[in-house]
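Thank you for making time this morning. I would like to walk through one protein chain, moving from element to element, and I will keep to what can be read from the model itself.

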Amino acid sequence: MTFLTFPFLIGGCLATAVPVLLHLLLRGKPKQVEFPALMLLKKRLNVNKRSYRLKHLILLALRMLVFVLLGLALARPSVKFADWFPSLAFSSGNSENQGFVSSLAASLGSQDAPIAAAVVVDSSLRMNYVAGNRNRLDVAKEFGRWILSNLPKNSQVAILSSLREADVFQIDMLAAEEKLQRLTITPQGRPVADAVFDALALLNSSELEQRELYVLTDLSEPGWPEESITSLRNLMGNGVPAKESGVPAKGSGVPAKGNNDDADQNQDIGLFVVDVGVDNPNDSALLNVSVSNQIAVAKTPLQIDADLSHLGTEISKTVELLLSDPKSPEKDALTVRGSRTVDFPNGESRRRVSFTLAGFEPGTVQGTLRFTTTDALAVDDQLALTIEVRPPEKLLLVAPPPVAAATLYLRQALETVPYEIETLSVGDLKNTPPNTLKSYRAVFLLDPTPLDAATWKKLADYAASGHGVGVFLGANADSSLTSFNDSAATELLGGKLVRQARRPDGDLWIAPDELQTAVFAPFRRIGPKEEFPWDAPPVFRYWELSELLTKTQIIAPYSDGRPAILAQPVGQGFSLTVTTPVSEPPNLDSPWNQLTRGEESWLFLLLSEGIANYLLGEGERNFNFKSGEHVLLRPSLETMPATCVMATPSGEPIRLTPDTLKREISVATASEPGNYRIRSGGARESLDTGFSVNVPGDEMNLRRIGTPQLDQAFGAENYRLAKTPAEIERNIARRRVGQELYDAVLLLLLTLFAAEYVFSNRFYTVAR
């Protein structure tokens, strides 16, 4: 038991002398009266006298007890019933092994004993939500300062946040206060639940007996992923042990606790979850932006789509698109290119807006999609985007005579992108100079006839210099496999030709396992893999390949598992092989496939665009990234500058050193949302490109978790949830010094006072 104001108890005990003195000073003095006639009543008088003395002593004891209880009430006693009765506490520990003596010793603790405390502050972007002219991080800091001011002297304190860093105890309280004050919003960090893992491990490393963990958060869902809640439950010993479930701890790689001793150690930690969020948040958000093609062709239409969400009351919001003009003297100036008004109903809803634009000039176009009016969470009210606009690329289609008929389908498909298409016969390819060949970005061989070794070598060198070679195998390869199995040919084809495989029943088709490769990027713009009729265009014949090169990747197999589309890097370029042709005439009696004809021939249009993008290297080029992703840019330059300067969204210049051999620029991390611009110095400015960074849309979800999720993570009896300093203070007092008995003592005092009043009235009435 402990006392907040112990001197009052001493004063109450000393005050018991008052009724004793009054008793001694005011007791009655008997008068001697001789009355022989009443001798028979003498015995009765002695009996009454003894009864009078007993009642007088009882009244004296009641009055003394009133003063004792008055001093006890003013001393504000408290007792840690949790150490004697574990069901009354939220962190009881392994009390089954505690004897009565150890429980009594624990209950007589002091609130002035040093404590190992960890304060976890959610510093995610969601903490920028403003209510009452303050964002949630400022509110959390205020709570943190209050917590630090109420810690006993010589306590160990650690300040943790969403920032991924080494978590240690601060040197002293002043250092902890300074770190708390310096906390800023972290664009891309760990969920607050993962920071709790590190805090628990840090507290368990302390030698102090009392340990407390404070989690200051807005309780939004992204900070408490389901997998983290499951791992926390195992760590706290509320579910299947972590060593059985196989769930690793989050955060800094601390292994999850799995045995009962570790779970009891975590339960011994006083855990306080402080809710600094808003009960009913109201926010409209731009989740993500996508473009029909990040590398667009000049003067062609481009579609820009944006997904929006809303949580809260009914509202109308206007979205506007601002883009730069590469030909403008002020290249970074943005002009409004369109706007859309969206109505959101009450509650939670999602919408999509689209902009279709044309007339882009070659160059890097950057822009912003934003709400015209901001709300309580301004950070999700705009998105950045970057588009690379280029002139139409030159492609060469090589086919056996008649060249026009053989290249018809592929030429028409690629011209819709559009590309500049030129054709050449297989026989003329041998005499084409290498420099002339390099004027084309990619070469397509459509059902080629056998080529000599020098021509295969010329094509391999062409690809290695940073270009693309695509080969569609067909009936002409049957005349001589020796040519197609030449070493230079194998380097382009990815393996050796074996035989033709036939499926005359048409029960075979190209069946990609997934759409993540660059070849299927056009399909991803439309929908998931399941939405496409892959089995509609059957394949009747194809080439089997064996002895595939180690670098060869099977982009898509047939439905029987054999390779249909293969690709591999060749030096700085790429090559791709399709094992069935796309150059057959329309009325062929025994066609190899139905890819270019039929109701589902639109699949061939998408496939042709994807193959061209891959061979041009554009499928690997990305200009829009998520916060924290590794940024890799491959500008379309023959010669890379030795150095360049990157301007961040905040305007800070950063010098970069490109990889001149690989002709690429690498940026390890870019966490600040917005547009980045990269330029080489000098008047000619040979390099002018950029990229955009946005926060993942699901990170801005303000939907809140409730006590069921917290109970699942920590156990209902292992934590306390608070929203005000008063609630925290009560929970801290209950944790450190136990339950206050002030109310109970005061009630007992009033009861005894009333009893003394009644008893004294009856006593003096009888005495008179």
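Let me start with helix 8, residues 192–204, where 12 of the 13 residues are buried, so this helix is largely enclosed by the rest of the structure. Please bear in mind throughout that we are looking at a predicted model. The buried residues of helix 8 are V192, A193, D194, A195, V196, F197, D198, A199, L200, L202, L203 and N204, and you will notice that D194, D198 and N204 are included in that list. From its first C-alpha to its last the helix reaches 19 Å, which is close to the 18 Å expected at 1.5 Å a residue.

If we take the contacts between residues at least 6 apart in sequence, 73% of them join residues at least 24 apart.

Now to strand 25, residues 573–578. Six of the six residues of this strand are buried, so strand 25, like helix 8, is largely enclosed by the rest of the structure. In a regular strand the side chains alternate between the two faces of the sheet. Here G573, S575 and T577 point one way, while F574, L576 and V578 point the other way, and all of them are buried.

Which strands pair with strand 25, and in which sense? Strand 20, residues 468–472, pairs with strand 25 in the parallel sense over five bridges, and within that pairing the bridge partner of F472 is V578. Strand 24, residues 563–570, pairs with strand 25 in the antiparallel sense over six bridges, with Q568 bridged to S575. Strands 24 and 25 also form a hairpin with two residues between them, and G571 in that turn has a positive phi of about 60°.

Is T579 buried or exposed? T579 is buried, with a relative accessible area of 0%. If we leave aside its neighbours within four places in sequence, T579 is in contact with L473, Y542, W543, L545, Y558, P563, A564, L566 and W592.

Let me turn next to a pair of helices. Two packed helices are described by the angle between their axes and the distance between the axes. The axes of helix 6, residues 136–149, and helix 7, residues 173–182, come within 10 Å and cross at roughly 175°, and the two helices are therefore roughly antiparallel to each other. On the helix 6 side the contact involves K141, G144, R145 and L148, and these meet M173, A176, E177, L180, Q181 and R182 in helix 7. Sorted by class, this contact has four nonpolar, two polar and four charged residues.

Strand 6, residues 156–161, is mostly covered, since five of its six residues are buried. Strand 6 runs parallel to strand 3, residues 115–121, and six bridges join the two, one of them between V120 and L160.

There is also an open sheet of three strands in the order 9-11-14, with antiparallel pairing. Its edge strands are strand 9, residues 283–291, and strand 14, residues 347–357, each of which pairs on one side only, and the twist averages 20° from one strand to the next. Strand 11, residues 302–312, pairs with strand 14 over 11 bridges, and G312 has G347 as its bridge partner.

I will finish with some backbone details. Most residues other than glycine have a negative phi, and most peptide bonds are trans. L219, in the loop between strand 7 and helix 9, has a positive phi of about 60° although it is not a glycine, and at 3% relative accessibility L219 counts as buried. K299, in the loop between strand 10 and strand 11, has a phi near 70°, but K299 is exposed, with a relative accessible area of 54%. A cis peptide bond joins P401 and P402, with omega about -10°, and the bond from V417 to P418 is cis as well, with omega near 5°.

Key:
Residues numbered from 1 in each chain as written. Predicted model: local features only at pLDDT ≥ 70, side-chain atom pairs only at ≥ 80, totals over all residues. Heavy atoms only, no water. Buried < 20%, exposed > 50% of the residue type's maximum accessible area, 1.4 Å probe, protein only. Helix = DSSP H or I, 4+ residues; strand = E, 2+ residues; numbered from the N terminus. Pairing = 2+ DSSP bridges. Axes fitted to C-alpha atoms, helices over the stretch in contact; angles between N-to-C directions. Parallel < 35°, antiparallel > 145°, perpendicular 65-115°, else oblique. Contact = heavy atoms within 4.5 Å. Nonpolar A, V, L, I, M, F, W, Y, C, P; charged D, E, K, R; others polar. Expected span 1.5 Å × (residues − 1).
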